[in-house]
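Dear colleague,

Please find the structure below.

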Amino acid sequence: MLARTALRTSLRAPARAFSSSSARQTKVAVLGAGGGIGQPLSLLLKLDPHVTELSLYDIRGAPGVAADVSHVDTDSKVKGFAADQLDAALEGVEVVVIPAGVPRKPGMTRDDLFNTNASIVRDLAAAVARVAPNAHLAIISNPVNSTVPIVAQTLAKAGVFDPRRLFGITMLDVVRSARFLSEITNADPKETTVTVVGGHSGATIVPLLSQSPFGKNITGEAYNQLIHRIQFGGDEVVKAKDGAGSATLSMAYAGARFTNALLRGLAGEKGVVIPTYVRSPLFEDQGVEYFSSNVELGPNGVEQILPLGPLSAAEEKLLAACLPDLKKNIEKGKAFVA
Ligand code: NAI
């Protein structure tokens with residue numbers, strides 16, 4: 001396992017100058033805004049002072065969601081777009097968040113969603129490539145491990161792929177880790193942040209508990225249980241919703257947090273670091289081209305992909321289990337577009 005040393009990657013690029021972040025116009029689109037995630041995510045983005053305009057698109061229901069959210073008394077403008085108005089929804093957009101697609105039902109893995117969601121994500125990415133080729137794209141639609149490579153290949157086919165501007169949102173795993181760790185340590189979740197690396201499904205989710213002052217002392221059965229709960233936390237929600245879908249509210253929260261970090265980076269704020277699934281050199285030597293790790297965001301999107309840091313023996317094992325699965329998921333996504 002090489003590639004753990006500092007990677008000041010070639011992704012670095014000169015910063016774009018802004019007079020001030022408050023003067024910045026940032027138009028954000030949500031594709032899939034009528035869904036279980038899309039609706040609360042749209043509301044949370046309406047509350048984000050970095051968003052000046054919100055463009056809500058879905059094949060059903062987005063104009064209604066937009067009319068509703070538009071009454072919230074924050075400064076941004078909101079517009080809804082119907083099924084045949086995708087191009088109009090993407091005009092002038094700087095950030096596109098995609099929660100479009102079907103969610104899991106009990107007994108399904110995220111990979112079971114591939115057949116339906118792969119084409120949805122590909123077609124939306126093709127529209128972004130055509131109308132807003134410089135936009136930053138944040139993908140929520142599952143299986144994230146595969147949908148991000150699908151979007152990358154689609155953008156590359158159109159000649160507009162820039163790895164600094166494509167992100168898979170793995171933030172929910174980070175949110176869950178902090179919460180679950182806080183529950184067993186009785187600490188405030190603000191103190192129990194955990195870096196989570198790898199991908200976004202089952203064994204590809206690798207929480208680095210040894211790097212947390214609260215997590216490093218958890219061992220034995222308690223450790224195994226916590227890792228399992230973080231890796232399969234989504235199943236708790238799928239089971240409790242009993243056929244009505246998967247995580248929507250906690251995901252909207254995680255998606256809004258990620259989008260806020262991206263917007264702060266774009267506005268020139270320094271030191272914005274967040275885990276996200278990107279085209280990454282970290283395990284490229286093992287054929288794994290996409291990987292989630294802490295990433296520093298800046299005016300051009302990805303500024304720097306941070307190294308994983310020291311891993312415990314248990315985490316080395318989790319990582320060894322993650323990489324082959326992740327590689328398969330990535331290859332499946334790439335093959336779909338090829
Ligand atoms: P949902 O079924 O409630 O909403 C999906 C929305 O996408 C619907 O409103 C539907 O009309 C819309 N849609 C379908 N095809 C579309 C298209 N071509 N263009 C625009 N909109 C389209 O599903 P939910 O619960 O909101 O989940 C959405 C996705 O997010 C699922 O794939 C789910 O697995 C994923 N997810 C990802 C998480 C993550 O951590 N990244 C966590 C939880 C869910």
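Into which domains is the protein chain divided? There is a domain 1 (21-168) and a domain 2 (171-333), with bounds that come from an automatic or database domain assignment. Residues are numbered from 1 along each chain as its sequence is written. Please note that this is a predicted model, in which local features need pLDDT of at least 70 and side-chain atom pairs count only at pLDDT 80 or more, while totals for chains, interfaces and linings use all residues.

Taken over C-alpha atoms, the centres of domain 1 and domain 2 are 21 Å apart. In domain 1, 41 residues are in contact with 39 residues of domain 2; contact requires that the C-beta atoms of two residues, placed from the backbone, lie within 7 Å. Elements giving two or more residues to this side of domain 1 include α1 (38-46), β4 (95-98) and α5 (144-157), and α5 gives the most, with eight residues. Helices (H or I, at least four residues) and strands (E, at least two) are DSSP runs, numbered from the N terminus.

By class, the side of domain 1 that touches domain 2 has 24 nonpolar, ten polar and seven charged residues. Here Ala, Val, Leu, Ile, Met, Phe, Trp, Tyr, Cys and Pro count as nonpolar, Asp, Glu, Lys and Arg as charged, and the others, Gly among them, as polar.

The ligand is surrounded by 32 residues, each with its C-beta atom, placed from the backbone, within 6 Å of the molecule. The closest are G35, G36, I37, A100 and N142. Both domain 1 and domain 2 supply at least three residues to this shell.

With kind regards
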